[in-house]
2 protein chains.
Amino acid sequence: MSETDSVNSPQGPFTGIRVLDLTRVLAGPYCTMLLADLGADVIKVEVPERGDDARHIGPFIDGKSAYFMSINRGKRSIALNLKNAQDRQDFETLLATADVLVENYRGGTLDKLGYDWETLHKNFPNLILASASGFGQTGPYRNKPAYDMVVQAMGGIMSLTGHPDSPPTRVGTSVGDIGAGLFTALGVASALFHRAQTGEALRIDVSMLDCQVAMLENGIARYTATGEIPGPLGSRHPSITPFQAFSTADGHIVIATGNDILFARMAKTIGLPDLIDDNRFMSNELRCQHVEALEQQMEAALTRHTTAHWLPVLESAGVPCGPINNVEQVLNDPQIVARNMVVSAIDPDVGEVRMAGNPIKMSGFADPGNRRPAPELDADRAEILKR
Amino acid sequence: MSETDSVNSPQGPFTGIRVLDLTRVLAGPYCTMLLADLGADVIKVEVPERGDDARHIGPFIDGKSAYFMSINRGKRSIALNLKNAQDRQDFETLLATADVLVENYRGGTLDKLGYDWETLHKNFPNLILASASGFGQTGPYRNKPAYDMVVQAMGGIMSLTGHPDSPPTRVGTSVGDIGAGLFTALGVASALFHRAQTGEALRIDVSMLDCQVAMLENGIARYTATGEIPGPLGSRHPSITPFQAFSTADGHIVIATGNDILFARMAKTIGLPDLIDDNRFMSNELRCQHVEALEQQMEAALTRHTTAHWLPVLESAGVPCGPINNVEQVLNDPQIVARNMVVSAIDPDVGEVRMAGNPIKMSGFADPGNRRPAPELDADRAEILKR
C-alpha cells in the first residue's frame with residue numbers, strides 16, 4: 001500500500017492482507033468492512049457505470065448514499081465487467097495478488113462466470129474464497145435469490161419478534177445481512193489462520209438463512225424441550241423474569257434481573273420487599289410462570305416515578321437496568337463517545353459523515369476516530385492496476 | 001487431546017488451539033461455542049457447586065437446562081474457585097497451556113482476581129486475552145452490570161423494532177449477547193492470525209453495548225442525513241420499498257424487491273402491471289415516499305390468494321419472497337435440513353438434544369451432524385489436570 005493509501009486506514013491483525021471484494025448491498029460489504037477495520041486492504045470490484053446497488057439506496061446526502069458511505073469506508077474501488085475479456089484479465093491479475101476473494105452473488109453465479117472454486121483453487125492455490133449467499137452453495141434453494149427480509153422471515157426470528165397480537169414485525173436492523181457478514185468474516189479470519197499454519201487455502205460457504213438459525217438461540221431448545229412452538233413475547237425474555245421493559249411515570253425502563261440475588265435487590269429498591277418471600281416469585285422458574293402478576297405489581301410501583309428517577313436509584317443498588325435510547329441518544333451517550341463507537345469520514349463532496357466504529361478494541365493498534373471515506377466508483381483503478 | 005475427546009468434536013482451522021473459558025450465560029459461551037465449532041479445545045472453568053448460571057435457566061428437559069446444553073456442546077468442564085489458593089494454582093497451570101483466555105465478567109472483575117492483562121501478559125506472553133463485558137473495560141460505565149435486555153434498550157435496536165404505536169419490543173432472540181459473542185470470536189480469530197504471523201499476543205476488549213451500535217446499520221446514516229430520529233416501522237425496511245410482510249388470503253408473505261427490475265417482475269406477477277408506469281412508483285425513492293399507497297394496492301391483490309399459492313408463482317418469476325416460518329417450520333425446512341443446520345448431541349441423562357449447527361461451512365473439514373454433549377459440571381477435571 002502506498003503512503004497516501006494508509007491515511008486513516010486502521011492498522012490491525014490483517015494489515016498486509018489483500019481482499020478482493022465482489023460484494024454488493026449489505027451482507028458482503030459488512031463482512032469486508034469488518035476485515036478493513038482489522039487492517040485488510042479491501043479492493044471493491046464493482047460493475048461499471050452503476051456500481052454497488054447500495055450507491056442507489058437512501059438516505060442520501062447531497063445525492064450520495066449515506067447508507068453506502070457508512071458500509072464502505074476505507075475500501076478502494078475499481079469497476080470491472082466480468083463478462084468482458086480485458087476486464088477479466090485485469091481481474092485475474094488482481095486475483096494473483098489477493099489473499100481472499102469475497103462474493104455475495106446468489107448461489108451458482110460465480111461458477112457461471114468461470115470462477116468456480118476448483119478453477120480458482122487450481123490457478124490461485126493461496127486464494128481463500130468466501131461466499132455469503134442467501135441460501136448457500138448446496139441444497140434445494142441454492143439458486144434462489146434472497147434479501148434480508150426473506151431470511152428474517154424464513155429463519156424464524158420474525159416468529160419470535162413483536163407482540164402476541166401484532167402484525168408481523170421485522171427486527172429494526174438488517175440482522176439477516178449483518179449476521180451473515182459477521183459469520184463470513186469469522187470464517188475468513190479462521191481460514192487466514194489455517195493458511196498461516198498449514199499453507200492450505202479454504203473455501204467458505206455461508207448462507208444468510210443458516211446464520212439466522214445459528215442466531216435463534218433458545219427458540220430451538222424451547223421447542224425441543226416442550227414441543228410448543230414459541231411465539232413473540234413483546235419485550236419479555238422467554239425464560240428469565242423479570243427481564244423486560246416496564247412503564248414508568250413518563251416512559252419506559254428496562255430491568256434485567258437474571259438471578260435471585262438481583263431480584264431481591266430490585267424488589268427492595270422499588271419498595272416491594274414482599275416480592276422476595278412471595279411463593280409465586282421464589283425462583284426464576286416460578287417468576288416465569290407468574291410473569292403477569294409480577295409485571296402488574298412492578299409497574300404499579302415503577303409508574304409512581306419517572307425513568308430519570310429510577311435509573312440512578314436502581315443502578316446504585318447494582319440492579320441491571322437501562323433507558324430505551326433512540327439513535328440520537330445513542331450517539332450522545334457518554335459511554336459510546338468514550339469508546340469511540342461513532343467515527344467520521346470526510347467525504348470530498350458532502351463533508352463529514354458519521355458512522356458506527358469498530359467494536360473490536362485491541363491492544364497494539366490504534367482505533368482512529370477518522371476513517372478514510374468510501375470510494376467513488378472506479379476511483380482507484382490506476383493505483384490498483386499499477387501494482 | 002486424547003482420542004476419546006475427539007469423538008464428535010469438529011476438526012477445523014482452530015484444531016490444536018486451547019481456549020480457557022471463564023464465561024457464563026450467553027455472550028461468552030456463544031463465542032467459545034463458535035471457536036469449538038471451528039476446532040478449538042474449549043475448557044469451561046466454572047464456579048464450584050453452582051456452575052454456569054445458564055445451567056439454572058430453562059427450558060429444562062428432565063431437570064437439565066436445554067438452554068445450557070445447546071450453547072455448551074463440545075466443551076469440557078472443570079470447577080475452580082479463583083479465590084482459593086490451590087484452585088488458582090491449577091488455573092495458572094492451565095493458563096500456561098492455553099492459547100486464549102475468554103471471560104465475560106463485568107468490567108474490572110478479572111483485574112480484582114489478580115488476572116489483569118499486564119500480569120497475564122508478563123507471566124504468559126503467548127496468551128491472548130478476550131473480554132466480552134456489558135460496557136467494555138474503559139469509559140464511565142465500565143464497572144456497570146448489563147444483560148442482553150439492557151444493551152438492546154441502550155444501544156438503539158429497540159427504538160427501531162416494533163410497530164409505531166406498540167409498546168417497547170425486544171428482538172426475539174438475544175442479539176445483545178449473540179452480537180457480542182460473534183465480534184469477540186472474530187477478535188480472537190484475528191488475534192490468533194496476528195500471533196501466528198508475529199508472535200505477539202493481543203488483548204481484545206469487546207463491549208456488548210458497542211456491538212449493538214456496530215449492528216445499527218442505517219439508523220445512524222438516516223439520522224445523520226436527515227436529522228430525524230428514526231422509529232420502528234413494523235415489518236417495513238426504512239429505505240427499500242416494497243420490502244416487508246403483506247397479508248394474503250390466509251396469512252402473510254414477505255416480498256423484497258430491492259431494485260426496479262425486481263419491482264416490475266413482481267408487479268406483473270401479482271396482476272398489477274400498471275404499477276410499473278405509475279409516477280408514484282417509478283424508483284425506489286419514490287416507492288419509499290408512497291409506501292402506503294403501494295402497500296394498499298399490493299395487499300388488495302395478494303389477499304385474493306393464499307400464501308401457498310403466491311410463493312411458487314412469485315418464485316418462478318424470480319421475485320425474492322418467503323413465508324414467515326415458526327421454529328417448527330424452520331427445523332423441518334428442506335434447505336435447513338440439507339445444510340445440516342440442526343445438529344444433535346446425545347446427553348447421557350436426557351438423550352438426544354437438537355440444536356443449531358455451524359453456519360460456517362468450509363472445504364477440508366467435516367460438518368458432523370452429531371456433536372459431543374455439554375459437560376457435567378467438573379466432569380473433565382482429572383483429564384484436564386493430568387495434561
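Select domain 1 of chain A and then domain 2 of chain A: their centres, taken over C-alpha atoms, are separated by 42 Å. Domain 1 comprises 4-215 + 338-386, and domain 2 comprises 243-325; these bounds come from an automatic or database domain assignment. The model is predicted: local features need pLDDT of at least 70 and side-chain atom pairs count only at pLDDT 80 or more, whereas totals for chains, interfaces and linings use all residues. Residues are numbered from 1 along each chain as its sequence is written, with chains lettered from A and ligands numbered from 1 in the order in which they are written.

Next, select residues 291-302 of chain A, which form helix 13 (helices are DSSP runs of H or I with at least four residues, strands are runs of E with at least two, and both are numbered from the N terminus). Within helix 13, A:Val291, A:Leu294, A:Met298 and A:Leu302 are buried (20 or more other C-beta atoms, placed from the backbone, within 10 Å of the residue's own; exposed means 12 or fewer, and partly exposed lies in between). These residues cover an arc of only 65 degrees around the axis, so they lie on the same side of helix 13 of chain A; the arc is that of the directions from the helix axis to the C-beta atoms. On the face turned away from this buried side are the exposed residues A:Glu292, A:Gln296 and A:Ala300.

Finally, display chain A with chain B. Strand 8 (residues 203-207) of chain A and strand 14 (residues 361-362) of chain B run antiparallel, joined by two bridges (strands pair if DSSP finds at least two bridges between them). Select A:Asp205 to find B:Lys361 of strand 14 opposite.

Technical notes: Expected span 1.5 Å × (residues − 1).
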